[in-house]
Amino acid sequence: MTTPAHPGRTLFVNMPVADLERSKAFFAELGFGYDPVFTDETAACMPVGEHAFVMLLSREKFAEFSTLPIADPTTHALALYCFSVSSREEVDAVSAAALAAGGAEADGAEDFGFMYSRSFFDLDGHGWQVMWMDPAALAQGPEAFAASVQDADARA
């Protein structure tokens, strides 16, 4: 899909957390803030993009939205959460902040040339990835970008 199915669509990802205040403090250390209009003692609305939000919900609040049992993210992966940053250096800085704030490293750095990422587990065990992608690769697509780099290397 190259154009949004609904241009004004907003994404909300609801995530259960064991201790809302502790989770808010953790993500604040990574540079995230909270929308006070949708934040209270049971939930925190964390903007992650222009039209994307993570709702950190107490486990009790989350249970109001789901009839299924809440899985333990330390033993079961239901999703991996990925957000982009503006540079390779910011990937390292955010990852270091996550570890300093009590998170755990999930994987070492992955460097594909046009894309660089690191992964960590938050305080509840949810898996997160911080990634940077070269704007040219984002505009062209990874295969076209790789071909243009190979062409440039061949001419050099």
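Buried means under 20% relative accessible area, exposed means over 50%, and partly exposed lies in between. Keep these cut-offs at hand for the exercises below. The model is predicted.

**Exercise 1. Cysteines**

Find out how many disulfides the model has, and classify Cys82 as buried, partly exposed or exposed.

Solution. 

Step 1. Recall the cut-off: the two cysteine sulfur atoms of a disulfide lie within 2.5 Å.

Step 2. Apply the cut-off. The count comes to zero disulfides. Cys45 is in no disulfide, and its nearest cysteine sulfur, that of Cys82, is 19 Å away.

Step 3. Turn to Cys82. The closest cysteine sulfur to its own is that of Cys45, 19 Å off, so the two are too far apart for a bond.

Step 4. Classify both residues. Cys82 has 45% relative accessibility, so Cys82 is partly exposed. Cys45 has a relative accessible area of 1%, so Cys45 is buried.

**Exercise 2. The overall chain**

State how many helices and strands the protein chain has, and give their order.

Solution. 

Step 1. Count the elements. There are five helices and seven strands.

Step 2. The order is β-α-β-β-α-β-α-β-β-β-α-α.

Step 3. Along its principal axes, the C-alpha trace spans about 60 × 40 × 30 Å.

Step 4. Look at burial. Of the 156 residues in the chain, 32% are buried.

Step 5. Look at contacts. Take those with a separation of 6 or more; residues 24 or more positions apart account for 47% of them.

**Exercise 3. Helix H1**

Determine which residues of H1 are buried and what they pack against.

Solution. 

Step 1. Locate the helix. H1 covers residues 20–29.

Step 2. List its buried residues. They are Leu20, Ser23, Lys24, Phe26 and Phe27. These residues cover an arc of only 160° around the axis, so they sit on the same side of H1.

Step 3. Find their partners. The buried residues of H1 pack against strands E1, E2, E3, E6 and E7, and against helix H3.

Step 4. Check the start of the helix. Asp19 caps the N-terminal end of H1, with a side-chain oxygen 3.3 Å from the backbone nitrogen of Glu21.

Step 5. Check what follows the helix. Just after H1, Gly31 has a positive phi of about 100°.

**Exercise 4. The largest pocket**

Give the volume of the largest pocket, and say which element supplies the largest share of its lining.

Solution. 

Step 1. Start with the volume. The largest pocket has about 400 Å³.

Step 2. Examine the lining. There are 27 lining residues, and His76, Ala77, Leu78, Ala79 and His126 lie nearest the centre.

Step 3. Find the contributing elements. E1, E4, E5, E6 and E7 each give two or more residues to this lining.

Step 4. Pick out the largest share. E7 supplies it, with three residues.

Key: Residues are numbered from 1 along each chain as its sequence is written. This is a predicted model: local features need pLDDT of at least 70, side-chain atom pairs count only at pLDDT 80 or more; totals for chains, interfaces and linings use all residues. Side-chain values use heavy atoms; hydrogens and water are left out. Buried means under 20% relative accessible area, exposed over 50%, partly exposed in between (1.4 Å probe, protein chains only). Helices (H or I, at least four residues) and strands (E, at least two) are DSSP runs, numbered from the N terminus. The arc is that of the directions from the helix axis to the C-beta atoms. Contact means heavy atoms within 4.5 Å. A polar contact is a pair of N or O atoms within 3.5 Å; within protein, one must be able to donate a hydrogen and the other to accept it, and residues adjacent in sequence count only if both atoms are side-chain atoms. On a 1 Å grid over the protein atoms alone, a cavity is a set of points where a 1.4 Å probe fits but cannot get out, and a pocket is an open set with protein on both sides within 12 Å along at least five of seven lines; lining residues have an atom within 4 Å of a point. Grid points are joined across faces, edges and corners, and a volume is the space filled by probe spheres set on the points.
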